[in-house]
Amino acid sequence: MLVSARSFAEYRAMFALGERDLEQRILDCPAGAASFVAEAGRRGVDAVAVDLQYAEHREELGLLVERETAFKRELLVKETEGWDRSWYADADDMIRQWTANARTFRADIAARPERYVAGSLPELPFADDSFDLVLSSHLLFSYGNRLDEDFHRAALLELARVARREVRIFPLVVYDTGVRYQGLDRLRGELAELGVPSRVEQVSYEYRPGGNELLVLSTAAHRPSARTAPGAAGAPDAPDAPGAAEAVDPVRWRHREPGT
Ligand SMILES: C[S@@+](CC[C@H](N)C(=O)[O-])C[C@H]1O[C@@H](n2cnc3c(N)ncnc32)[C@H](O)[C@@H]1O
């Protein structure tokens, strides 16, 4: 799997992020070497990145993007033939942009390591409702050729568990075919039965033809069995309570308690 490094501007377009969204606490999962969290941080946005690679690679992940894209250049040229050119002029331009974004990522992970958390779907190291909005690009559905439906179900439920308001997933097409992930409607039905309704929206970002759909899960009414009501005895402080977790945790998300 290629570790990619998309930018804040691409995230805004892929996830249809408005100004109100950027006032929220955001999780980028999986973030890879994307510069979203770095650029968001500069704008004062409260964003955190999670990726399984952060357990092993941190700053070097930025270098890995440079090495891998250079190594796979021929493949990228072939694969992106006929794709839309509004974001990248060609595969070489994409490699240039990803390299620049990966450098921004490297500088930020070195400067603000607490914003980059090692974690692996379908089990994230965060308490329920730790974030308002969770963004997930280019893993779920995209790698539907190698991640099965059980993994997708478990991963979607996990993203919903840590999202207080919404989860947004982009794109909905499988990487090697460009066709919509075939289990999508089934999974949406199952999530709806569990109290997570969803909708599909078209967004302005369309690099791969047809890959311009975003799945939005509404998690506000979702109450997974493990979820502890804020304010209940033994529950963590409510995220917005004065003097709550911020006092001890500048990032304000909460790690999952062992055994929950
Ligand atoms: C194609 S990159 C996407 C990165 C970023 N969202 C972007 O669009 O530039 C996919 C990322 O998923 C991460 N990944 C793969 N399986 C994962 C899992 N089970 N849990 C968390 N991250 C995972 C990889 O390490 C890789 O960085």
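User: Which side chain has an N or O atom 2.8 Å from an oxygen atom of the ligand?

Analyst: A polar contact is read as a pair of N or O atoms within 3.5 Å. In this predicted model, the side chain of Arg6 places an N or O atom 2.8 Å from a ligand oxygen. The protein covers 94% of the 600 Å² of accessible area that the ligand has on its own.

User: How many residues surround the ligand, and of which classes is the shell made?

Analyst: The ligand is surrounded by 21 residues, and the closest are Arg6, Pro30, Asp51, Leu121 and Ser137. By class, the shell comprises 12 nonpolar, 7 polar and 2 charged residues.

User: Where is Met14 placed, and is Met14 buried or exposed?

Analyst: Met14 belongs to helix α1, residues 8–14. Its relative accessible area is 0%, so Met14 is buried. Apart from residues up to four places away in sequence, Met14 touches Arg6, Ser137, His138, Phe170, Val203, Tyr205 and Leu214. Met14 and Ser204 are separated by 190 residues in sequence, yet their C-alpha atoms are 7.2 Å apart in space.

User: How should I read the sides of a helix, and which residues of helix α7 are buried?

Analyst: An α-helix has 3.6 residues a turn, so residues three or four places apart point the same way. In α7, which spans residues 184–193, the buried residues are Leu184, Leu187 and Leu191. They lie on the same side of α7 because they cover an arc of only 65° around the axis. Asp185 and Glu193, on the other side of α7, are exposed.

User: What covers the buried residues of α7, and which residue follows the helix?

Analyst: The cover includes α6 (149–162) and β7 (213–218). After α7 comes Gly195, with a positive phi near 90°.

User: How many helices and strands has the chain, and what percentage of its residues count as buried?

Analyst: There are 7 helices and 7 strands in the chain. From the N terminus on, their order is α-β-α-β-α-α-α-β-β-α-β-α-β-β. Of the 260 residues, 53% count as buried. Among contacts with a separation of 6 or more, 73% are between residues 24 or more positions apart. The accessible surface of the chain is about 11900 Å², and 51% of this surface belongs to carbon and sulfur atoms.

Definitions and conventions:
Residues are numbered from 1 along each chain as its sequence is written. This is a predicted model: local features need pLDDT of at least 70, side-chain atom pairs count only at pLDDT 80 or more; totals for chains, interfaces and linings use all residues. Side-chain values use heavy atoms; hydrogens and water are left out. A residue is near a molecule or strand if one of its heavy atoms lies within 4 Å of it. A polar contact is a pair of N or O atoms within 3.5 Å; within protein, one must be able to donate a hydrogen and the other to accept it, and residues adjacent in sequence count only if both atoms are side-chain atoms. Accessible areas come from the Shrake-Rupley method with a 1.4 Å probe; for residues, only the protein chains shown count as cover. Ala, Val, Leu, Ile, Met, Phe, Trp, Tyr, Cys and Pro count as nonpolar, Asp, Glu, Lys and Arg as charged, and the others, Gly among them, as polar. Buried means under 20% relative accessible area, exposed over 50%, partly exposed in between (1.4 Å probe, protein chains only). Helices (H or I, at least four residues) and strands (E, at least two) are DSSP runs, numbered from the N terminus. The arc is that of the directions from the helix axis to the C-beta atoms. Contact means heavy atoms within 4.5 Å.
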